[in-house]
Each structure stands twice: as structure tokens, then as C-alpha cells.
Amino acid sequence: MSLTPIYKRFKNQKECILYLEGIFWDGSPICPFCGYRKYNTIQTENRYRCKACKSPFSVTVLTLFHKTKVDLQKWFFAVSNDHLTCRKLAKQIGVTKDTAHFMLVRISIARRNRPDIINKIKKEIYEQYY
Ligand SMILES: [Zn+2]
């Protein structure tokens, strides 16, 4: 499995974010801190400010993708290949073994907490290959 089909489906981070907004929020932002659904859009792309608790947030806040510096396409690859060892995953996506380990731990936690999200991403990624 190479990364190419994922980068064809998701050409940049913005496309990944829009996809995540679709599956986490059904397209309509929800504050991850208090659950409120009214917000202001922040000028910076794809960030919002909750009208209740005033916290800024994006769709990745408090999810497995929280504050990551790794491309979301690589995360999607890792989600769909979570059977790989850290070493193999690291090699496939060009990150360090420690980063791959960190990603796999987060994915295994997410698999317990949000199996729906993990399954949707897997399905979307598999469709790019088969
Ligand atoms: Zn809030």
C-alpha cells in the first residue's frame, strides 16, 4: 500500500479537514469543550470560536489528530494500516519510530472511544485502493 492514492483523494490539509468536519460534525461545528453549537468563524482557515465558552477550536481538537504536525493523509494511512508495527509504519509514511508509536497508541485509543470515526476513515481509504 502506498500513500499516493490518499494524496490523490486528499490533495491538501484543507481537504482532510473538510472531510473530518463531515464525519465528526456532519458539517456543522460543535464546541469540543462545552458541546455548544453556536460559533464565530475565525479568519484563520477552519477554526471557530465558541459563543458560549469563547474557546477557539478546530475539528481536530481533543481528537486523535490533536496538535499533530504529521500530515493528515499520513494519519489516514496509519488508521487504515493499524496492524503494522511501529517500525513498518514509520518506514511507509516517513516518520520516526517514536512518532509512529505515538500515532498507533492514539489510534488504538480512538478505536475504543470512536469506532464509528475510525471505521469511516478506513472505509474511505480502502475505497481509494480497491
Ligand atoms: Zn464551548
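**Note on the predicted model: fold, helix packing and selected residues**

1. In the protein chain, 48% of contacts between residues at least 6 apart in sequence join residues at least 24 apart; two residues are in contact if their C-beta atoms, placed from the backbone, lie within 7 Å. This is a predicted model, in which local features need pLDDT of at least 70, side-chain atom pairs count only at pLDDT 80 or more, and totals for chains, interfaces and linings use all residues. Residue numbers start from 1 along each chain as its sequence is written.

2. Overall architecture. The protein chain has six helices and three strands, where helices (H or I, at least four residues) and strands (E, at least two) are DSSP runs numbered from the N terminus. Their order along the sequence is α-α-β-β-β-α-α-α-α.

3. Dimensions. The C-alpha trace of the protein chain spans about 45 × 25 × 25 Å along its principal axes.

4. Burial. Of the 130 residues of the protein chain, 22% count as buried. The cut-offs are 20 or more other C-beta atoms within 10 Å of the residue's own for buried, 12 or fewer for exposed, and partly exposed in between, with C-beta atoms placed from the backbone.

5. Helix H2. This helix covers residues 13-25, and its end C-alpha atoms are 17 Å apart, in agreement with the 18 Å that 13 residues should span at 1.5 Å a residue. The expected span is 1.5 Å times one less than the number of residues. Just after H2, Asp-26 takes a positive phi of about 60 degrees.

6. Leu-20. This residue is found in helix H2. Leu-20 is buried because 22 other C-beta atoms lie within 10 Å. Apart from neighbours within four places in sequence, Leu-20 is in contact with Val-59 and Thr-60. The C-alpha atoms of Leu-20 and Leu-72 are separated by 9.8 Å, although the two are 52 residues apart along the chain.

7. H3 against H6. The axes of helix H3 (residues 72-80) and helix H6 (residues 115-129) come within 9 Å and cross at roughly 100 degrees. H3 is therefore roughly perpendicular to H6. On the H3 side the contact is made by Phe-76, Val-79 and Ser-80, and on the H6 side by Ile-118, Ile-121, Lys-122, Ile-125 and Tyr-126. By class, these are six nonpolar, one polar and one charged residues. Axes are lines fitted to C-alpha atoms, for helices over the stretch in contact, and angles run from 0 to 180 degrees between N-to-C directions. Angles under 35 degrees count as roughly parallel, over 145 as roughly antiparallel, 65 to 115 as roughly perpendicular and the rest as oblique. In the residue classes, Ala, Val, Leu, Ile, Met, Phe, Trp, Tyr, Cys and Pro are nonpolar, Asp, Glu, Lys and Arg are charged, and the others, Gly among them, are polar.

8. H4 against H5. The axes of helix H4 (residues 86-93) and H5 cross at roughly 110 degrees and come within 8 Å. This makes H4 roughly perpendicular to H5. Cys-86, Arg-87, Leu-89 and Ala-90 of H4 meet Lys-97, Thr-99, Ala-100, His-101 and Leu-104 of H5. The contact of H4 with H5 has five nonpolar, two polar and two charged residues.

9. Ala-110. This residue lies in helix H5 (residues 97-113) and counts as partly exposed, with 18 C-beta neighbours inside 10 Å. Not counting residues up to four places away in sequence, Ala-110 touches Leu-64, Ile-117 and Ile-118. Ala-110 and Phe-65 are 45 residues apart in sequence and 9.9 Å apart in space, C-alpha to C-alpha.

10. Positive phi in loops. Most residues other than glycine have a negative phi. Lys-54, in the loop between strand E2 (47-50) and strand E3 (56-57), has phi near 65 degrees. Lys-54 is exposed, with 11 other C-beta atoms within 10 Å. Leu-62, in the loop between E3 and H3, has a positive phi of about 60 degrees. Leu-62 also counts as exposed, with 11 C-beta neighbours inside 10 Å.

11. Arg-37. This residue lies in the loop between H2 and strand E1 (39-42) and is partly exposed, with 13 other C-beta atoms within 10 Å. Leaving aside neighbours within four places in sequence, Arg-37 is in contact with Ser-28 and Ile-30. Arg-37 and Tyr-126 are 89 residues apart in sequence and 32 Å apart in space, C-alpha to C-alpha.
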